[in-house]
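Here are a few notes to read alongside the model, for anyone opening it for the first time. Keep the viewer open and follow the points in order.

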Amino acid sequence: MELTREEEAILNGEHGEAKALALEMIVRVGEVLGARRLVRITHAHASGVSYGTIGDPGLHWLEELVAKGAKVSVYSTVNPIGMDIVHDTIKVGEEFKEKQLKILNAFKAMGFDVTLTCTPYYIRKPSPFERLAWGESSAVIYANSVLGAFTNREGGPLAVAAAVVGRTYEAGLQILENRKTTHLVKLNFEPNDLSEWSAVGYLVGEKIGQGIPRYEVRIDDVQAKYMLAASAASGGIAMSVIDGLTPRGTYIIGEEERIEIEKKEVEEMFGAPEDADIVFHGCPHVSVSELKELLNRRPKKETWIAVAPRIYEKHKDLMEKLKGRGYVPVVGTCSVVSPIERMGIKRVATTSAKTYFYLKKRGLDVWLVKFSEV
Ligand code: F3S
C-alpha cells in the first residue's frame with residue numbers, strides 16, 4: 001500500500017502508540033482487501049458500544065486504547081448502549097451498569113461525541129460523496145443509499161481505529177466502480193405501512209445475501225430507513241439503490257438479476273400486538289416525524305419507543321405528551337442491545353424486521369405489527 005510521509009510517520013510511532021496501533025489495523029485490513037492507499041474521512045461512527053455486545057474483552061480493549069493516549073482526529077459518534085440513560089425501564093443489574101458506564105467513559109476520554117444512537121445522520125447529516133467509516137449496518141446502508149455518502153460496513157474496532165487516525169482504506173464501497181447494482185427488486189403489491197417496507201427489506205436481504213439491490217419504488221426516507229436496516233440485518237447488504245432517492249453519480253447500474261417479493265411472504269411475518277409482552281418501535285431510532293405520527297394514537301399494549309438522547313432532549317415536550325398517551329420511551333438503547341430477557345420479556349411484537357431478525361436469533365418469540373397499529 002502506498003502511504004504518505006505523514007502516514008509512514010504515524011505507523012512508525014512518531015504520533016504516539018495509539019495512532020500507530022490504529023493505523024496498523026487499518027493498513028492490514030486494507031491490504032487484505034486490495035486497497036492501494038488510505039483516504040481521509042470526515043466522520044467515524046463506532047458500533048459495539050453495549051456491554052451486552054462487547055463484554056469484558058471489549059471494555060479492556062477500549063481502556064487500553066485510552067491508556068495509550070488514543071484521541072479521535074475527526075468528528076466521531078457512538079451507537080446505543082445496553083441500558084436507558086434517563087429512565088430505569090430496562091433492569092440490567094449493578095455489574096452491567098457499572099461496566100457499561102466504564103465503556104462510555106472510555107469513549108468520552110477519546111473525544112467521541114457520545115450520541116448513543118444508530119441514526120447518527122439525525123445528529124449530523126453527511127453530504128453525497130463524503131467519505132465515512134461507520135460501523136452500524138443500518139446507518140452504513142442509509143448513508144450509502146439515501147445520503148450518497150461513501151462508507152464500508154466497518155467492524156466496531158475498525159471504526160474506532162478510523163476515528164483515531166481520521167482515515168480508512170480505499171477499497172469496497174469507497175470506490176465508485178464497486179457501487180454497481182446487482183439485483184432489481186420487483187414488488188407484486190404496494191406496501192402501505194412502515195412495517196411492510198421493513199418486511200420487504202428483510203426478504204430482500206434473505207434472498208440475495210450479498211450485493212447491491214435496486215428498488216423501483218416510491219418511498220420516503222423513513223420508510224427507506226426501515227427497509228434498508230432490515231436488509232442489512234438478514235443479509236450482508238451495505239448499499240442499495242432506490243430510484244429517485246439515491247443521489248445520482250454515487251452508483252452505477254450493473255447487470256441485474258431480478259428478484260420478486262410477494263405480498264403473501266410479507267404477511268406471514270405479521271401477528272397481533274395484543275399477544276406480546278411488549279411492543280417495540282424505533283429500530284433504527286425514531287425520527288421526529290415518527291414521534292409526531294405516534295401522537296395521533298394511543299398504545300393498546302406497553303409500547304417502547306427507542307429514541308436518541310439528543311432527540312429526546314430537544315423534543316422534551318413531544319416526549320412528555322407521548323408519555324402521557326402511554327408510550328414508554330427508551331433513551332440511547334433498544335430492545336436488541338439491552339438484555340430484555342432479564343426482565344422476563346419473552347414475546348415481542350415490533351414494527352422492525354431488524355429487531356425481528358435479532359430477537360428471533362436470541363430465541364424470543366417475535367413477530368411484526370403494523371406501525372399504524374402501534
Ligand atoms: Fe438501532 Fe438497536 Fe435497531 S441499535 S438499528 S435500534 S437493533
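1. Start with a strand contact: His45 has Trp134, in β4, as its bridge partner. Keep in mind that this is a predicted model. Between β2 and β4 there are 3 bridges, and the two strands run parallel.

2. Now step back to the sheet around that contact. It is an open sheet of 3 strands, in the order β3-β2-β4, with parallel pairing. Which strands stand at the edges? They are β3 and β4 (132-134), each with a single partner strand, so one side of each has no neighbour in the sheet. From one strand to the next, the twist averages 10°.

3. What packs on this sheet? Helix α6 does, touching β2, β3 and β4. The direction of α6 makes about 150° with that of β2.

4. Next, have a look at helix α4, which covers residues 94-110. With 17 residues at 1.5 Å a residue, α4 should span 24 Å, and its end C-alpha atoms are 25 Å apart, which agrees. Just after α4 comes Gly111, with a positive phi of about 95°.

5. Which residues of α4 are buried? They are Phe96, Lys99, Gln100, Ile103, Leu104, Ala106, Phe107 and Met110. Looking down the axis of α4, you'll see these buried residues fall within an arc of 155°, so they line one face of the helix. The cover over them includes β2 (43-46), α3 (51-67), β3 (75-78) and α6 (156-165).

6. On to the rings: the count comes to 8 aromatic pairs. One of them is Tyr51 with Phe96, whose ring centres are 5.4 Å apart and whose planes stand at 85°, so this pair is edge-to-face. Tyr51 sits in helix α3 and Phe96 in helix α4, so the pair ties together parts that are 45 residues apart in sequence. Tyr51 counts as buried at 13% relative accessibility, and Phe96 is buried too, with a relative accessible area of 4%.

7. Phe107 and Phe112 make another pair: their ring centres are 4.9 Å apart and their planes are at 90°, so this one is edge-to-face. Phe107 is buried, with a relative accessible area of 1%, and Phe112 is buried at 5%.

8. One last stop, further along the chain. Which residues do ring pairs link into a cluster? The members are Tyr202, Tyr356, Phe357 and Tyr358.

Key. Residues numbered from 1 in each chain as written. Predicted model: local features only at pLDDT ≥ 70, side-chain atom pairs only at ≥ 80, totals over all residues. Heavy atoms only, no water. Helix = DSSP H or I, 4+ residues; strand = E, 2+ residues; numbered from the N terminus. Expected span 1.5 Å × (residues − 1). Buried < 20%, exposed > 50% of the residue type's maximum accessible area, 1.4 Å probe, protein only. Arc of directions from axis to C-beta. Contact = heavy atoms within 4.5 Å. Pairing = 2+ DSSP bridges. Axes fitted to C-alpha atoms, helices over the stretch in contact; angles between N-to-C directions. Phe/Tyr/Trp six-rings, centres within 6.5 Å; stacked < 30°, edge-to-face > 60°.
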